[in-house]
Amino acid sequence: MAYNEFAYFYDEFNGEADYDALYAHIKAQLDAHGIREGILADLGCGTGELTLMLAQAGYDMIGIDQSEEMLCVVRDKAGQLGLEGGLLLLRQDLCALDLYGTIRGAVSTFDTFNHIADLDGAIRNAAFFMEKGGLFLFDMNTPYKHQTVLGENEFTFEEADARCVWRNHYDAGARRVEITVDIDYKETGETFHESFYEYTYSLEEIRAALGRHGFTLESVCDGESFGPLTETSERYFFCAVKNYTQQEEE
């Protein structure tokens, strides 16, 4: 899933996202673990809002996304902010991640890892480039959200220049949500279509995958309030610490 045509409308339709709260939580976790500078990777950076906030905080950022269209949006934003020098953008599949050296930490937000059928492999790849003591901060949609909030529901988003219809179908047997996105661009009359899956992972499965690849899961909280998890939490937020530098051992 690359969000190709959707890239240029993503910020409009994601306007309710509280990036300030997300950034504040992530920065507090980084500070608490003594990571106030160095190289961070944003895995599935999308249009780069969080990537650029962290770059402005002084981190050397690597923004990684499968969609060239998303990366083009990030480049434009970085140019407007004068941040090109502290930013490396890579078009890569997270299941075939290939960085140039070790990183001090990685972030991944807005359920990027739910889009990956091989969660274990994606976590393994992220772990390979992480320094000892490195921090992995990421969120994922909960089974509750997939089964109940998305389920068989349809959502419509109206903006000044485009209309988006988001349809969901939850397949309990395959443990995934099939999502279709249709966008009508009002000015030109063009219609864009995207379809992709989000895969459902339990908290126990995610914890086990982190453990297999050298992470200690320090905490998990509600990914929207950043408070305690509840039965109706729609998003997990994980803080995991790498126990060793795997790349050097290889």
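I began with Phe128, which counts as partly exposed because its relative accessibility is 25% (buried means under 20% relative accessible area, exposed over 50%, partly exposed in between, with a 1.4 Å probe and protein chains only). I then looked up Phe129, which is buried at a relative accessible area of 5%.

I noted that the model is predicted, that local features need pLDDT of at least 70 and side-chain atom pairs pLDDT 80 or more, and that totals for chains, interfaces and linings use all residues. Residues are numbered from 1 along each chain as its sequence is written, and side-chain values use heavy atoms, without hydrogens and water.

Aromatic pairs came next. I found 11 of them in the structure (rings of Phe, Tyr and Trp, the last by its six-membered ring, pair if their centres lie within 6.5 Å; planes under 30 degrees apart count as stacked, over 60 as edge-to-face and the rest as tilted). Phe128 and Phe129 form an edge-to-face pair, because their planes stand at 90°, with ring centres 5.0 Å apart.

I also looked up Phe226 and Phe237, whose planes lie at 80° and centres 5.8 Å apart, so this pair is edge-to-face. The pair links distant parts of the chain, 11 residues apart: Phe226 is in the loop between β10 (215–222) and β11 (235–242), and Phe237 is in strand β11 (strands are DSSP runs of E, at least two residues, numbered from the N terminus). Phe237 is buried, with a relative accessible area of 1%.

I recorded a cluster in which ring pairs link Phe113, Phe136, Phe138, Phe215, Tyr236 and Phe238.

Last, I looked up charges over rings (NZ of Lys or CZ of Arg within 6 Å of the ring centre and within 35 degrees of the ring normal). The charged end of Arg176 sits over the ring of Tyr197, 3.8 Å from its centre. Lys242 lies over the face of Tyr244, 3.7 Å from the ring centre.

Notes. Helices (H or I, at least four residues) and strands (E, at least two) are DSSP runs, numbered from the N terminus.
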